[in-house]
Amino acid sequence: MSKNLRITNSKFIDQTSRISFKFDGKTLYGFKGDTLASALLANDIHLVGRSFKYHRPRGIMTCGSEEPNAIVQLGNDPSMTEPNTRATEIELYEGLEATSQNCWPSVNFDIGAINNFFSPFIPAAFYYKTFMWPASFWEKYEYFIRKSAGLGKSPTKPDRDIYDHRYLHCDVLIIGGGISGIIAAKTAAQNNLNTVLLEDKNNLGGTTIFQNNECFKINNSYSNEWLSKEIVSLNSLKNLTIKTRTTLAAYHSYNYLLARENLTDHLSLNEKKDKIRQRLWKIRAKKVIIATGAMERPLIFNNNDRPGIILSSSIKKYIDYYGVKCGQKISLFTNNDTAYETAISLSKSGVNVNSVIDIRDKSNSSIVKEAEKLGIKIHWKHTVVNTNGYKKIKSIELMKLSDDGTNVVGNKLNEECDCLGISGGWTPRVHLFTQSGGKLKFRDKDNVFLPTKSKSEQISIGSCNGDFELDDVIKNSNNLIKEFLNINSSDYENLEINCSREIDKKNIWLLPSDKPLGKTKPFLDFQNDSTAKDVKLALREGFKSIEHVKRYTTTGMGTDQGKLSNMHALGIIAETAEVKMGELGTTTFRPPYTPLTFGTIVGRNVGKFFDITRKTPIHDWHVEKKAEFENVGQWKRAWYYPKENETMHQAVQRESKAARDSAGILDASTLGKIDIQGTDSSEFLNRVYTNDWSKLEIGKCRYGLMLNEDGMVYDDGVTTRLGENHYLMTTTTGGAANVLSKMEDYLQTEWPELDVYFTSVTDHYGTVSICGPNSKKILSKVIPDLDLSDENFPHMSFKNAMIGKIRCRVMRISFTGEQSYEINVQSGYAKSLWEKCFDAGKEFNITPYGTETMHLLRAEKGFIIAGQDTDGTITPVDLQMDWIISKKKYDFVGKRSLYRTDTIREDRKQLVGLLTDDPNEVLEEGAQIVEDANKKPVEMLGHVTSSYFSPNLNKSIALAVVKSGKKLNGKKMIVPMKNKTIGVTITETVFLDKKNKRLNA
Amino acid sequence: MFLINCPYCGERDQSEFSSGGEAHIVRPKQPKELSDDQWAEFLFMRKNIKGVQFERWNHAHGCRKWFNMARDTSNDKIHAVYKMGEKPPIK
Amino acid sequence: MLSYNSVVNDSIKYNDLTISVVESITKINLRGKKRDFITKIGKSISILLPTESNTSSNNEDLNLLWLSPDEWMLYENEKINSENDIYNLEDELFKEISKINYGSVTNITDHWVMINLKGQKVYELLSTSCPFDFKNFKQNKGSVVQTIFNHIDVIIHHKKSNDLNLFVRRSFCDHLLSWMRDAASRM
Ligand SMILES: [Zn+2]
C-alpha cells in the first residue's frame, strides 16, 4: 500500500481481522466487512476494467448494485468461475480471486483501446450498420469483435455448488432494510402480522446507518444512533423474519416474488465447502411494501468516465462506512445538496476537499451553511467542462454557466484532484414496482418517475416513493404503512426530527462544454459505452420511441440494465425531441433486478433430479437382469435385455424370434388403466370411442380408438367389460394422464348428466404379459385352476383368477399377434408374479423382451403405435382402419370432422407397408419417400414411421404414411438417403400371419 | 404466477392448474346438421381479446374439477371464478 | 403363492424429522353424488362422509379424506395382517355402493404409497417444493390437501401435530423419496 487510505474509526469494518485476496494476480489485503470495491480503493486501485466498445479505462463508480464499471470475473476454477459480478457487491473473503474483464491482454495495456482513438468512427449502431453486410463476412467480424469485446468467461465445467429452493408465505413482505423498511417491519410485526424483511446487504440500516451529521437528528440523537436502536429492537419481535444478503430478483403478479439469498458467497473458500451456496425463495405475500430507496445519478459532461470519478454518495459511504478514502484531494461536482454531506464527512475525516462545483446559483439549506462553516470552497453556477488523466483522473477544467445553462462563459479554471465526486440528484428505485405491472408518473419538481397508486396489495414507501428528506421519509412512510395495514397508531408518531431541507433545485441533463458536442465524450451508459451524442444521432436518424433508441444505441442494455444511465437518456431525448418527459414514458425494467446464476434458478433439480422418473413394480428385476432402459414419458422401461456381448440388434432379433417360436414375457405395467363405473359407462364409451360398445358382453375385451374433436387419432387401447356397469380401460403409456383428463373434461363440461365415474388405477396394477405358442402352457402352470381352453377363454376375453389368496385379472389380448395373456395384479405382488411366470416358462425358454421387441413384433402385424405412426394429423381412415368407425352411432368425439372436405380428400397421407428391394436394407425412421427423384422440385410423398429387420420374416419391413397410399399397393418408390437411394415397394400393412391363425395356435 | 381461487378447494398456486382455452363454447348437439363452415367455427375459431376473457381452467393437481374464469388478459387480474354450467357473474 | 414387495421398506431419521414408508394399508377410492351414496357410506363404515373441502373424518380404524365434491379416499390405520381379509372392505363397499349403482368403489391400495412424515421439520421439508400455503392446514387436525411436491401429485393428511401422512403414486415413490431424503439431509 503506497498511501494510507484507511481511517481507523469505522465500526462496520473489523480492522483486527485482515483478509488476503488477489486482484489480477496481485495479492492484496483488506478487512472483514469490506467489499472487493472498498478493499481495492483502500489499496488505491481505481482502474478495474475497460469499457465495452472503446476499451477506455474505467474505475469503481458506485458502492452498490447499479455499478456499471467494476464488473469482474470471480475465481479461476473452470467449474466455479463467475463472470459479470459487481465488485461493489462482493463481500471480501479469504482466498478471493478476481480479474478484470473486457480487456486483453491486461487492464493496464489493452489492445482494444485502439478503438478509443478510432472512436469518431464508432457512432451509435456502428456494429449494426457495419457488420451486418455483407452477411457472409460476419464470420470474420465475429472473431475480431468477440476477441476484443469479451464480457467475461463462462465456466467450462459443471457447477459443483449446491443450490436450493424454498417456498415462503407471509402476511407482509418488506423489500429493503433501510430506515423506511425498518419502520414498516416493526410496525407490521408489532401488529401480529407474519412479516418478512429482505435486505440485499449484509446488514440493515441503508444509508441512514452511517449518517452521523449534526444536521440530521431524530429525538435529539444522530439519525444513525436512533436507527441502530430501532434495529436492535427488531430482534425481540416474534412475527418478524429478517433475511439479509437477500436480493429481490423478480416481482410477478399476485404478489409472487423471487428472492435470492446468498448463504456462503461471503465465506472463505474453506468455510463454503459442502454448504448450500444460494437459495431461491419463492415468496407469496398477502401484502408487499417496497422500500428499495433511491440511487444517485451521475452528471453528464465531457470525459465523465475516468477512473476516480465516483458518485458523491458512494464516496461518503466509502469514508463513513468502510473507512476508506477514495482520494486525498477530492473535488465534488453537484446539482443538489447531498454532495455537501459528502464534503462534510470528508472534511471531518481529514480529507482535503478542493471545492464543490455546484451548477446552481445558490443554496440556503443548513447543510450548505454547515459546509461553508467548515471553510469548504464552493463554485456556484459552474460546471466541469473537461477532465484529464488517462488511467486515473488528474485534474478538472471548470467554467461558469451561462444564465440559461446551455453554454459556458468566462475563463477556464483548472483544478488538480485525484478523485471527483459527482451528484446529479436522485432516482427512486421503481424497478420492482414496474415489474409488478405498476405505472409511473413524472414529478417535474425534481425530475423523477414515481409509483402511482397500485391496485394490487402493495405500496412503495421512503425514497423509492419520492421522499428524499428525512422528516418526509419517516412521516410519510409511517402514514402509508398504517393506512395500508389498517393500523391506528405506531411507534413512529410525533418524533422530533431535525434535518436540512433542499430548497434550490436545478437540473441540466447534458452539461455544456467549451467544445462542441461532436468533439466531446459525455458518457451516458458507462457499461455499454454510449454517449449523449449517440442518443442525439438516433433521434436525428428518425428514432422516436424510447424503446427503439435504447436498442439502436444499446443504452441501458448492459448487465446493469442501465440503472445509472436511463434517466439521462430520457432527459436528453425529451429535450432534443422537445417533448415532456412524463409523456415519453420509460423503458421496461425486466426481471431479474440483478443477474442470477443458472444454479440458483435450477436449484436442486440437477443430475438425477433433473427430471422425474417413474418405475414399474418389476423394475428391480430388469435391473438385476441388466436390461437397457428407455425413457417413455417419465417412465423407465426395459428396452432390451442384452446377453453377454450382444449388441442391441442381436438382442432384439433373439427376443423377437423367441416370442414367436416359444414364449416371451413383457412388463406392461406402464399402460394407463382407468376403472370406469356407473350406469352410463357404456354410453360414455360410445361417445369417446369410434366403435360401438353397447353390445360388448361382460367378460369380453374390445380394442378402441379415441379421436380428437378434429377427427385425428388421439389414443388407443383395449377396454374390458368387468360387469354390467363396470369397465377397465387401458390407454397408451404416454397418453394415460391426458386421456383421463380429457374424459373428465367431456364428462364435467359437456355431459354432466351422465352417471359415470373414473378412477385411475395405473399404479395399483402391475401387468405381466406372456405371449407365444407356449403361453397357454405357462399360464396353466401359474394358475392351474383357470380353464384356459379356447371355448372357455377365447381371444379378447377376460377372467378373474386367484393365485393363492391374491386376485388377478387375466385378459387374453394380443399386441404381438401371438396367443397372449395379460395378467393384472396388485403392484406389490407384480414382481413375485413375474418371477413365477418366468420360472414356469423356463422349460419353454421363456424370453423377457423389452419395448424394442414389442415394437418390432407389432409392426410385423401392422399394428399402429399412437404417437409413432400417427402424429395428430392422421385419421382412422388414413390408417385404413375404416372398420373401427361405427356407422350406426349418430355421434362420437371427432365424428363430424371425419367428413370435412379436408378429411375426405383421397390424396391424404395414408398408412401403408413398405418392403425394400434389398431385404437386408433397413430404412431409417423419418426418411422421406419420393416417386421420381429427377423431377425438380422433388415431391415428398410421405415418410417412414416404423422400420425394423424382422427375424421372423427374415427381411426388412416398414410402415409409412404416403400420399394416396391406399391406391398405391404394389407401386415402386424411392427413399433417397445421403449417399444412396433405396428402392421400396408399397404393400399392405400386415406382414405376418394375415389370417390371424397364430392367435389360436 | 397466479393465485387461483378454485371454486372447490380455495386459493392455490397456478402450478396446480392447467388452462383449457376459451369457455362457453358448447359442443353442438347435432353435428350432422352443420355445414363444414359451421363445424369449423365450433372447432377452430377462438377469440383472443385484450381485456376480460372467459376461460376454462382445470384444477389438474388438486380436485381435478374444471371451472370457468373471467380474466383480464391485459393485466392478468382474475375478476371471477365460477363453476361449469354457471353463467359468468360479470359481463 | 405370491409374496409382497415393498417400494422401500425402511424409515430414516434426521434431526427432528422421520420419513417412513408404510405399505399394505388398504386404500379405497369412493365416488358418488347421490344422497343415497352419502348415507350408505355412513352406514356401511360408520363414518360421516366429509363434505367440506380439504377436510377428513375418521374413526378408530378408518380415515376418509375429501378429494373433490364427488370423490373421497378411504384408508385404514392398520396394516393388513392376514391375506384372508385383504378384500373385505372393498367387497363390502362394492356390494353396498357400486353394485346398486349409487357410485363407484375402487381398490387403490397399491396406486398410492403412504409415507409418514413426523417431527418438528415436516413443514420445512414440504416448503422445499410445495407451493401450497400450509398455514391453515397446520392449525386444523384432519386437514387434507392435494397439491404437488417436486412437481409430483401428492395427497397430504394432517393426522396429528407434526405427524402427516403423505400419499404418492407408487411409480413416483422412489424418485420422491430420494428427493425428500436429499432435502432432509440438508435441513
Ligand atoms: Zn380444486
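Some ground rules. This is a predicted model, where local features need pLDDT of at least 70, side-chain atom pairs count only at pLDDT 80 or more, and totals for chains, interfaces and linings use all residues. Residues are numbered from 1 along each chain as its sequence is written, chains are lettered from A and ligands numbered from 1 in the order in which they are written, and side-chain values use heavy atoms, leaving out hydrogens and water.

Let me stay with chain C. Its domain 1 covers 1-25 + 111-187, and its domain 2 covers 26-108. Those bounds come from an automatic or database domain assignment. The C-alpha centres of the two domains of chain C lie 22 Å apart. Domain 1 of chain C puts 17 residues in contact with 18 residues of domain 2 of chain C. Contact means heavy atoms within 4.5 Å. Together these two domains of chain C bury about 1,500 Å², with 54% of that on carbon and sulfur atoms. Buried area is the accessible area, taken with a 1.4 Å probe, that two parts lose on being put together, summed over both. On the domain 1 side of chain C, I25(C), W112(C) and V144(C) lose the most area to domain 2 of chain C. Together they make up 38% of what that side buries.

The charged end of K138(C) sits over Y123(C), 4.9 Å from the ring centre. The rule asks for NZ of Lys or CZ of Arg within 6 Å of the ring centre and within 35 degrees of the ring normal.

Next, chain C against chain A. Here 53 residues of chain C are in contact with 50 residues of chain A. The two chains bury about 4,700 Å² between them, 49% of it on carbon and sulfur atoms. Eight salt bridges are counted between chain C and chain A. R604(A) and D182(C) meet in a salt bridge through their side chains, 2.6 Å from N to O.

Now the rings. Take F609(A) and W179(C), an edge-to-face pair at 6.5 Å centre to centre, with 75 degrees between the planes. F609(A) lies in the loop between α17 (598-602) and α18 (619-624) of chain A, and W179(C) lies in helix α5 (residues 170-185) of chain C, so this pair joins two chains. F609(A) is buried, at 6% relative accessible area. W179(C) is buried as well, at 2%. Buried means under 20% relative accessible area, exposed over 50%, and partly exposed in between (1.4 Å probe, protein chains only).

Inside chain A, Y689(A) and W693(A) are stacked, 4.8 Å centre to centre and 20 degrees between the planes. Both are buried. W693(A) also has R702(A) over its face, 5.9 Å from the ring centre. Elsewhere, ring pairs link F12(A), F210(A), Y318(A), Y321(A) and Y322(A) into a cluster.

Last, chain B. Along the sequence, chain B runs β-β-β-α-β-β-β. That is one helix and six strands. Helices (H or I, at least four residues) and strands (E, at least two) are DSSP runs, numbered from the N terminus. Chain B has 91 residues, and 43% of them count as buried. Its C-alpha atoms fill a box of roughly 45 × 30 × 20 Å along the principal axes.

How does chain B meet chain A? The contact takes 29 residues from chain B and 25 residues from chain A. About 2,300 Å² is buried between chain A and chain B, 47% of it on carbon and sulfur atoms. On the chain A side, Y254(A), Y890(A) and R896(A) lose the most area to chain B, together 29% of what that side buries. The rule finds five salt bridges across the interface of chain A and chain B. D891(A) and R27(B) meet in a salt bridge, 2.8 Å from N to O.

Key:
Phe/Tyr/Trp six-rings, centres within 6.5 Å; stacked < 30°, edge-to-face > 60°. Salt bridge = Lys/Arg side-chain N within 4 Å of Asp/Glu carboxyl O.
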